[in-house]
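Morning, everyone. Please bring up the model on your screens and keep the sequence beside it.

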Amino acid sequence: MSIIDLSAKRLNGPVIRLHPNDNVVVARIPVEAGTSIPGENILAREAVQPGYKIATRHLRKGEPILKYNVTIGFAADDMPAGTMLHGHNIAFTEFDRDYAIGADYEPLAVLPPEQRATFMGIKRADGRVATRNYIGIVSTVNCSATVVQNIADHFTAERLAEYPNVDGVAAFTHQTGCGMELSGEPMQLLRRTLAGYIRHPNIAGVLVIGLGCERNQIAGLMAEQGLQGGPHLRHYSMQEMGGTRKSIEAGIAMVKEMLAEANAVTREPCSAEHIMVGLQCGGSDGFSSITANPALGHAMDILTRHGGTAILSETPEIYGVEHTLTRRAASQAIGDKLIERIRWWKDEYALGRDTQINGVVSPGNQAGGLANIFEKSLGASMKGGTGPLMDVYKYAEPVTTKGFVFMDSPGFDPVSATGQIAGGANVICFTTGRGSMFGSKPVPSIKLATNTPMYRRLEEDMDINCGEILDGTASLQEMGQRIFEVILRIASGEQTKSEDLGVGKHEFAPWIIGITG
């Protein structure tokens with residue numbers, strides 16, 4: 001059963017009740033001390049900010065705090081009804097969860113091809129479909145980053161005016177590529193990420209530039225990832241080319257040679273099955289699990305029924321509710337892969353460190369009403385919708401399974417989105433309650449606000465106001481349908497707010513793990 005029970009929500013009045021079994025309600029608007037809470041027969045004992053929780057009955061010390069009928073922590077002390085609940089009085093304590101792999105699995109009813117929605121996409125020779133059309137320049141190592149960026153900067157809007165079908169020349173630079181292990185997971189992860197961008201359908205042509213003496217050699221990258229040089233994939237090292245100036249001049253000339261062919265594309269109707277959405281949330285708040293995240297999840301339920309793919313990531317941000325995903329796994333093996341990724345994070349990668357998965361969320365999340373990672377995960381997981389979990393991928397692995405899938409990644413949005421794009425995502429949908437100014441290349445990023453005040457304050461950066469659900473002007477289902485329709489328009493070439501602002505030039509951020517030395 002889904003944790004999203006739409007029929008049980010009550011959104012009117014000063015508070016929101018999310019489930020009949022909950023022992024909390026969420027403040028929809030500022031609640032003053034002494035306010036009578038309709039339908040709960042309690043008085044607020046103190047002032048409560050929007051998005052924060054109020055106990056609806058007396059809580060005993062150690063009693064589970066239930067939101068959406070899911071445990072988000074435990075009462076730190078005996079507390080009377082009407083108490084505001086937050087990190088100061090909700091104890092973060094580990095508890096056993098019933099993974100029950102596949103117990104709630106139901107096959108997805110995918111629409112027949114002739115009934116699926118369409119968008120105006122760019123068909124590539126290999127059958128893949130692009131939502132944007134870029135020339136990419138990739139550095140193998142940080143030492144070539146300046147050269148790569150200078151080449152991209154040369155191609156201003158004025159210089160690209162004669163190539164109206166090219167969305168831009170994008171630089172993909174990073175902070176590693178040398179001073180790292182010569183083999184093993186860190187190098188494999190970096191190369192997998194770079195190759196994912198090199199192969200991405202939104203990249204019409206790519207130039208790979210190295211220094212020449214780095215550990216991440218071009219030849220090693222190409223061989224390990226099965227990449228073949230040619231007119232659409234060119235490469236050189238700065239040392240061979242003769243230094244910085246000559247490398248920049250050579251790169252500019254090579255990009256100019258690629259532009260004419262890259263421009264020779266036309267958009268045509270394509271099935272929505274070719275849309276792959278990377279799901280992100282950042283600057284979350286107490287309304288994330290009530291508006292934007294479940295609305296986006298509803299849109300993903302629509303997309304997957306039309307044959308498309310939804311990628312949920314940010315492993316630390318499903319911790320505590322991962323059992324709601326394993327119960328929907330299509331097989332034992334898929335459920336086991338997700339549990340293994342959680343185990344790796346808890347027992348190896350983040351063990352004993354002051355990280356999100358070990359309890360404490362960011363100051364912005366706390367200010368927005370989220371007490372701990374369990375509560376944040378509750379909302380974050382909703383972005384994937386209610387359908388079956390069809391596969392689990394490691395960071396930046398090519399996503400080949402249709403439907404709802406999971407990709408292991410950190411919770412840091414640029415790093416997580418980079419992995420999703422490397423895996424093949426051609427649209428990013430990004431929910432935010434506090435306000436995240438995110439963009440990405442070479443894919444469009446759609447930003448969804450959880451509440452109307454933030455949307456109005458940051459309207460230049462926000463694409464969709466899911467706060468209308470709180471305002472009573474749209475239902476969750478209506479908002480989900482609206483999001484799906486916006487995705488189709490953006491995939492067809494309509495610009496997002498972040499694209500209008502030029503955001504996304506520096507958000508390529510591969511996951512850096514391992515020893516630097």
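Start with what the buried residues of helix α11 pack against: α2 (185–199), β17 (276–281), β18 (309–312), β20 (403–407) and β21 (427–432). Contact here means heavy atoms within 4.5 Å. Buried means under 20% relative accessible area, exposed means over 50%, and partly exposed is in between, using a 1.4 Å probe and protein chains only. The helix and strand labels are DSSP runs, numbered from the N terminus: helices are H or I with at least four residues, strands are E with at least two.

A word on where this comes from. It is a predicted model, where local features need pLDDT of at least 70, side-chain atom pairs count only at pLDDT 80 or more, and totals for chains, interfaces and linings use all residues. Residues are numbered from 1 along each chain as its sequence is written, and side-chain values use heavy atoms, with hydrogens and water left out.

Back to α11. How many of its residues are buried? The count is 11 of the 11, over residues 413–423, so α11 is largely enclosed by the rest of the structure. Find them in your sequence: D413, P414, V415, S416, A417, T418, G419, Q420, I421, A422 and G423. Just after the helix comes G424, with a positive phi of about 125°.

Two packed helices are described by the angle between their axes and the distance between the axes. For α2 and α11, the angle is about 55° and the axes are 7 Å apart. The axes are lines fitted to C-alpha atoms, for helices over the stretch in contact, and angles run from 0 to 180 degrees between N-to-C directions. Under 35 degrees counts as roughly parallel, over 145 as roughly antiparallel, 65 to 115 as roughly perpendicular, and the rest as oblique. α2 and α11 are therefore oblique to each other. Their crossing is left-handed. That word applies if the near helix is turned anticlockwise from the far one by less than a right angle; clockwise gives right-handed.

Which residues meet there? From α2, they are T193, G196 and Y197; from α11, they are T418, I421 and A422. By class, that contact has three nonpolar residues, three polar and no charged. Nonpolar covers Ala, Val, Leu, Ile, Met, Phe, Trp, Tyr, Cys and Pro; charged covers Asp, Glu, Lys and Arg; the others, Gly among them, are polar.

Helix α1 (residues 145–154) packs with helix α5 (residues 244–263) at about 45°, with axes 9 Å apart. These two are therefore oblique to each other as well. The crossing of α1 and α5 is right-handed. On the α1 side, V147, N150, I151 and H154 make the contact; on the α5 side, look for T244, S247, I248, G251, I252, V255 and K256. That set divides into five nonpolar, five polar and one charged.

On to strands. β21, which α11 packs against, runs parallel to β22, with five bridges joining them. Two strands pair if DSSP finds at least two bridges between them. T431 stands opposite L448 in β22. Strand β22 covers residues 445–449, and five of its five residues are buried. Which way do they point? S445, K447 and A449 go one way, I446 and L448 the other. β22 also pairs with strand β23 (residues 464–465), parallel, over two bridges. There A449 stands opposite N465.

Look at the loop between β21 and β22, where P442 lies. A cis peptide bond joins K441 and P442, with omega about 10°.

Now an open sheet. Four strands form it in the order β13-β12-β14-β15, and the pairing is parallel. The edge strands, β13 (168–172) and β15 (233–237), each pair on one side only. Neighbouring strands are turned by 15° against each other on average, direction ignored. Strand β14 (residues 203–210) pairs with β15 over five bridges.

Y68 is not a glycine, yet its phi is positive, about 60°. N69 lies in that loop too, and its phi is also positive, near 60°. Buried or partly exposed? Y68 is buried, at 2% relative accessible area. N69 counts as partly exposed, at 34%.
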